[in-house]
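Subject: Structure for you to look at

Hello,

Here is the structure, with the sequence alongside. Please have it open while you read the notes below.

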Amino acid sequence: MINYRFSPQTVVELILINIARYSDEKDKDVSRARISKKSLYKVSNRKILKESFINELGEEFFNFGWHFAYHNETEYYIIKGDKVDSWPELACLRIEKEIK
C-alpha cells in the first residue's frame with residue numbers, strides 16, 4: 001500500500017478545520033494554537049518533516065491569514081495575522097545610544 005503525503009495546502013486546510021471545530025466545541029474564538037510535531041506527522045501523513053515542507057506550511061498559513069512558526073523542539077505555533085496587527089510596534093528610539 002502506498003502512503004499518500006498531503007500537500008502543504010491540504011495540511012493547512014485540515015489544521016484550520018481542526019481549529020474551527022475546536023472553536024465551535026468550546027464556543028469561543030480561537031486565534032492561536034500550538035501543534036506538536038507528532039500531530040504534523042499524522043496530519044501530513046509523512047515520516048519526515050523536511051525544512052522545505054515546514055517553510056511551505058508557513059507560506060500556506062500566511063495565504064489563509066495566519067502565521068506559523070517554530071516554538072520549541074516538539075511544537076509549532078499558529079496565530080491569526082489580524083491579532084498580531086494589534087500588538088505594539090517597537091522602534092529603536094529608546095535604545096538608540098546603545099546601538100550607535
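On one side of helix 2, Lys38 and Lys42 are exposed, where exposed means over 50% relative accessible area, buried under 20% and partly exposed in between (1.4 Å probe, protein chains only). The model is predicted, so local features need pLDDT of at least 70 and side-chain atom pairs count only at pLDDT 80 or more, while totals for chains, interfaces and linings use all residues. Residues are numbered from 1 along each chain as its sequence is written, and side-chain values use heavy atoms, with hydrogens and water left out.

Helix 2 covers residues 37-44, and its buried residues are Leu40, Val43 and Ser44. Viewed down the axis of helix 2, these fall within an arc of 90 degrees, so they line one face of the helix; the arc is taken from the directions from the helix axis to the C-beta atoms. Helices (H or I, at least four residues) and strands (E, at least two) are DSSP runs, numbered from the N terminus. The cover over the buried residues includes helix 1 (8-26), strand 1 (32-36), helix 3 (51-63), strand 2 (66-72) and strand 3 (75-80), with contact meaning heavy atoms within 4.5 Å. After helix 2 comes Asn45, which has a positive phi, near 60 degrees.

Asn45 also lines the largest pocket, along with residues including Arg46, Lys47, Phe53 and Glu56. A pocket is an open set of points on a 1 Å grid over the protein atoms alone, where a 1.4 Å probe fits, with protein on both sides within 12 Å along at least five of seven lines; lining residues have an atom within 4 Å of a point. The largest pocket has a volume of about 200 Å³, and its lining has two nonpolar, three polar and five charged residues.

The second largest pocket has a volume of about 150 Å³. Helix 1 and strand 1 each supply at least two residues of its lining, which by class has seven nonpolar, three polar and one charged residues.

There are four aromatic pairs, counted when ring centres of Phe, Tyr or Trp (its six-membered ring) lie within 6.5 Å; planes under 30 degrees apart are stacked, over 60 edge-to-face and the rest tilted. Phe61 and Phe68 are stacked, 5.1 Å centre to centre with 10 degrees between the planes, and both are buried. Tyr70 and Tyr76 are edge-to-face, at 6.1 Å and 80 degrees. Ring pairs link Phe61, Phe68, Tyr70 and Tyr76 into a cluster.

Regards

Definitions and conventions. Grid points are joined across faces, edges and corners, and a volume is the space filled by probe spheres set on the points. Ala, Val, Leu, Ile, Met, Phe, Trp, Tyr, Cys and Pro count as nonpolar, Asp, Glu, Lys and Arg as charged, and the others, Gly among them, as polar.
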